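Welcome, and please open the model in your viewer. We will take a short walk through it, one selection at a time.

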Amino acid sequence: MMVVLSGLLAASLAIGLPVGSAYADEPTDGTGAGTSATEVLDSLEVKGRAPKTGYKRTQFGKAWADVDHNGCDTRNDILNRDLTGVRHKRRTHNCVVKSGKLHDPYTGKDIKFKKGKKTSTAVQIDHVVALSDAWQKGAQKLSEERRTALANDPYNLLAVQGRANQKKSDGDAATWLPSNKGFRCEYVARQIGVKHKYSLWVTQAEKEAMAKVLSSCPTQTVPDYTEVKDSTAEKTTESEQTEQTQTEQSAEQAQQAQQTTQAPAPEPAPAPAPAPQPAPQQDVYYQNCTAARAAGAAPIYQGQPGYRSQLDRDHDGVACE
């Protein structure tokens with residue numbers, strides 16, 4: 001053992017590396033980032049597709065859980081990362097994306113995103129390696145914790161055009177590739193990185209399809225890991241914006257008060273008749289959002305009759321939105 005260590009030390013010194021850094025450039029996230037995509041592809045096991053028996057989305061944990069505990073769910077983490085010109089829903093600490101623009105990597109088109117029941121689906125979050133595909137190629141053997149990590153791993157997630165995501169479904173590289181040919185090399189290389197990280201295999205047809213794509217870009221490497229920003233890092237900026245708004249409002253109110261003082265006081269108007277007292281508010285209970293929508297009450301804002309935290313899934317003060 002001492003002989004081996006001495007040999008490594010001598011080799012490091014001979015090529016000018018500092019002691020202990022002989023493997024410093026090796027990726028530490030398990031994706032093989034920076035390595036030739038073709039080489040990493042050749043390292044993946046090739047096997048047939050296992051049965052889909054037992055597959056459920058819940059096998060990969062709660063959808064869009066805040067697994068990194070940064071105060072923001074995974075879906076909004078990715079929207080914040082991939083969209084430009086982002087505007088946030090108020091009082092969400094710059095987490096919930098209200099609007100923005102996506103340059104869709106799958107189609108090459110620019111898409112305007114606006115949060116809403118009928119508009120949110122224009123931009124969807126795609127699992128680069130579909131969860132069903134992962135289940136049939138090794139994920140069944142992973143722990144639930146590891147599968148949850150796979151489902152929420154930013155490296156395996158991209159904000160994309162909703163229609164393209166639906167067309168892809170749970171296909172692998174042998175059955176679906178992005179229509180944007182300029183993105184295919186990076187797309188396939190990222191799939192390879194995900195499968196390497198989570199010890200998933202490829203089918204023979206899938207490997208051949210990947211190799212065909214990579215033959216057009218022989219220098220393609222496995223992409224670097226893509227982190228998401230901590231939503232709490234924006235809290236200071238949000239607080240500053242709120243303080244500035246309050247200052248502007250105070251200045252405007254002071255100016256209005258000064259103008260009122262300078263103007264002659266108007267004759268007092270006759271006292272209005274007392275308004276009728278509203279009827280006491282009745283307790284309202286909706287068993288679920290379906291019941292609330294059927295009653296025409298959705299969305300229900302915090303403080304309104306029928307609002308319950310159980311109906312407010314993203315805890316933004318608006319239930320059944």
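Contact here means heavy atoms within 4.5 Å; helices (H or I, at least four residues) and strands (E, at least two) are DSSP runs, numbered from the N terminus. This is a predicted model, where local features need pLDDT of at least 70, side-chain atom pairs count only at pLDDT 80 or more, and totals for chains, interfaces and linings use all residues. Residues are numbered from 1 along each chain as its sequence is written, and side-chain values use heavy atoms, with hydrogens and water left out.

Stay on H7. Of its 14 residues, 11 are buried, so the helix is largely enclosed by the rest of the structure. Buried means under 20% relative accessible area (1.4 Å probe, protein chains only). Just after H7, click on serine 199, which takes a positive phi of about 55°.

Next, select the three strands of the open sheet, ordered S1-S2-S3 with antiparallel pairing. Its edge strands, S1 (84-88) and S3 (110-114), each pair on one side only. Two strands pair if DSSP finds at least two bridges between them. Which residue of S3 is the bridge partner of glycine 100? It is phenylalanine 113. In total, five bridges join S2 (97-103) to S3.

Terms used
Buried means under 20% relative accessible area, exposed over 50%, partly exposed in between (1.4 Å probe, protein chains only).
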